[in-house]
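Thanks for coming, everyone. Let me put the structure up, and then we'll walk through it piece by piece.

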Amino acid sequence: MSPTFRSDAYIDGAWRADARRFLVLNPANQSVIAEVPDLGGAETQQAIEAAHRALPAWAAKPAKERAAIMRAWFDLMIADLDRLGRLISAEGGKPFGEAKGEAAYGAAFVEWFGEEAKRAYGRTIPSTTATRRYVTIKQPIGVCAAITPWNFPMAMITRKAAPALAAGCTFVVKPPSQTPLTALALAELAEKAGVPPGVFNVVTTHDHTADVGRVMCESPLVRKFSFTGSTEIGKKLGAACVGSTVKKVSLELGGNAPLLVFADADLDLAVKGAIASKFRNAGQTCVCANRILVEDAIYDAFSKKMTDAVAKLKVGPGDQDGVEIGPLIDQKAIEKVERMVGEALASGAVALTGGKKHSAGAQFYTPTVLANVTRDMRVNTEEIFGPVAPLIRFKSEDEAVAIANDTPFGLAAYFFTKDVNRAWRVAERIEAGMVSINDGIFSNEVIPFGGVKESGLGREGGVEGLEEYMETKFVNFGGFA
Ligand code: SIN
């Protein structure tokens with residue numbers, strides 16, 4: 001069944017059927033799904049101005065009223081999970097079950113932040129003099145702009161838009177050119193839910209991405225910019241935002257997550273966790289375990305169990321029953337994985353399973369386990385973003401932590417152990433914004449998601465996620481007699 005969808009951009013509550021359009025392709029077979037407006041800087045400016053006009057009325061609504069509209073938006077998403085799942089799967093390639101899971105994950109941010117806005121408390125501060133009283137109040141930061149990635153076409157938008165709208169901000173998003181249709185479906189549901197014109201805008205683009213980004217970063221009307229994507233682009237966008245108008249910036253950037261398996265771990269649990277983490281979305285998430293570090297004493301047992309399980313993963317188009325691994329997003333992605341695996345094999349790594357493209361189609365890669373991986377190989381030092389699990393041997397906890405931390409990145413880290421002392425110790429020593437013990441999946445709406453080092457700035461989700469869209473204003477009541 002092919003999902004129905006909107007394919008025009010959404011600015012100021014109107015659907016924009018511009019003539020200049022680009023193609024959205026299904027990564028499973030490269031067929032054309034839709035043609036979407038290819039907007040540029042001028043249209044981005046219009047969207048920002050619409051968001052600016054809509055801001056005073058939206059910000060002035062009591063949080064309870066904004067929450068009611070957001071609840072309606074959430075309810076519509078939940079009622080539409082099947083269609084959203086099919087859309088995410090069609091344009092992003094995820095197996096349908098996983099795509100539907102993303103739709104529920106994405107919707108959860110809208111529910112949670114709508115509720116949380118009611119608890120955006122300020123503080124009273126004990127005064128330093130008898131003649132003054134001090135308080136802080138929380139206020140929406142203003143117009144927010146965002147650039148989101150293709151690997152979570154829905155959840156990476158709602159993880160930004162939901163706290164923004166909940167806080168009383170208005171929002172302009174540029175979805176990725178590979179997956180704009182899910183963003184437009186969100187706009188369609190926002191309109192139905194009663195989100196006023198200008199509060200949520202979607203600017204689709206392909207050829208004018210740099211222009212759209214430049215206008216977002218440099219516009220003095222935009223007070224907050226949020227980006228999820230590569231560290232390389234994030235650094236440039238962050239510098240442009242601060243250098244032009246000193247706007248607040250959140251950056252959720254690349255990772256190189258280590259997953260450590262200690263000799264005292266439950267091996268079955270570790271294999272299950274490693275597969276869940278590594279092969280989620282065919283390895284295309286920023287928090288996927290990029291490299292798997294295994295203690296010497298259990299290396300052989302672990303690699304055998306892992307290889308057996310990975311060899312059974314079913315590869316195919318996302319709309320086929322039972323498929324666990326879909327295609328990679330585009331040709332560039334598959335070429336990068338082929339190159340990195342090729343280099344590792346040429347340098348002495350061994351493919352215990354996989355190690356090559358898959359016959360399901362041009363953009364499919366066979367789930368792979370690589371043994372004999374060394375620290376200097378690119379599969380250890382760089383984010384693979386594909387279904388490839390490199391195994392690296394370690395001999396001690398110190399060595400494991402040293403390998404894990406030997407990277408400029410620090411988004412997620414995972415480890416498996418039954419020793420509670422080690423669990424505390426390693427969790428504290430690992431340089432990452434998020435650490436998951438004995439579990440390969442941890443993402444949800446209530447946790448602070450984000451990284452340290454070159455993995456980014458700020459947190460999304462949780463109470464921290466709402467803070468990112470508010471200013472704390474200090475108010476001094478003076479002149480008390
Ligand atoms: C990401 O890959 O950036 C997001 C992953 C998640 O939300 O779990």
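A search of the whole structure finds 34 salt bridges. By salt bridge I mean a side-chain nitrogen of Lys or Arg within 4 Å of a carboxyl oxygen of Asp or Glu. Side chains of opposite charge can pair when their charged atoms come close.

Before the examples, some ground rules. This is a predicted model, where local features need pLDDT of at least 70, side-chain atom pairs count only at pLDDT 80 or more, and totals for chains, interfaces and linings use all residues. Residues are numbered from 1 along each chain as its sequence is written, and side-chain values use heavy atoms, with hydrogens and water left out.

Take Arg159 and Glu252. Their side chains meet in a salt bridge, 3.0 Å from N to O. Are Arg159 and Glu252 buried or exposed? Both are buried. Buried means under 20% relative accessible area, exposed means over 50%, and partly exposed is in between, with a 1.4 Å probe and protein chains only.

Stay with strand 11. Strand 11 covers residues 248–252, and four of its five residues are buried. Its partner is strand 10 (residues 222–228), in the parallel sense, over five bridges. Two strands pair if DSSP finds at least two bridges between them. Within that pairing, Ser226 stands opposite Ser250.

Most residues other than glycine have a negative phi. Val246 counts as exposed, at 61% relative accessibility.

Which other residue has a positive phi, near 55 degrees? That is Lys453. Lys453 lies in strand 20. Lys453 also forms a salt bridge with Glu431, with the closest N and O atoms 2.6 Å apart. Strand 20 is residues 452–453, and Glu431 is in the loop between helix 14 (420–429) and strand 19 (434–437), so the pair ties together parts 22 residues apart in sequence. Lys453 is partly exposed at 36%, and Glu431 is partly exposed at 37%. There is also a network: Asp264, Glu397, Asp398, Arg422, Arg425 and Arg429 are joined by salt bridges that share partners.

One more pair. Glu115 and Lys118 form a salt bridge, at 3.3 Å between the closest N and O atoms. Glu115 is partly exposed, with a relative accessible area of 30%. Lys118 is partly exposed too, at 37%.

Now the antiparallel strands. Strand 5 (residues 123–125) pairs with strand 6 (residues 133–140) over three bridges. There, Ile125 has Tyr134 as its bridge partner. Strand 6 is also joined to strand 22 (residues 470–477), by eight bridges. Arg133 has Phe477 as its partner in strand 22.

On to the inside. Nonpolar side chains tend to be buried together in soluble globular proteins. A nonpolar core here is a set of buried Ala, Val, Leu, Ile, Met, Phe, Trp, Tyr and Cys residues joined through side-chain atoms within 4.5 Å. The largest has 70 residues, and Leu260, Val261, Ile292, Phe302 and Met306 have the most contacts inside it. A second, separate core of 60 residues includes Tyr10, Leu81, Trp112 and Ala167.

Look at Phe302. Contact means heavy atoms within 4.5 Å. Setting aside neighbours within four places in sequence, Phe302 contacts residues including Val261, Leu267, Ile292 and Leu391.

Val203 is another one to find. It is in the loop between strand 9 (200–202) and helix 7 (209–218). Val203 is buried, with a relative accessible area of 0%. How many residues apart in sequence are Val203 and Leu39? They are 164 residues apart, but 6.6 Å apart in space, C-alpha to C-alpha. Beyond four places in sequence, Val203 has contacts with Leu39, Ile11 and Pro175, among others.

Last stop, the surface. Leu23 is in strand 3 (residues 21–25). Leu23 is partly exposed, at 47% relative accessibility.

Conventions: Helix = DSSP H or I, 4+ residues; strand = E, 2+ residues; numbered from the N terminus.
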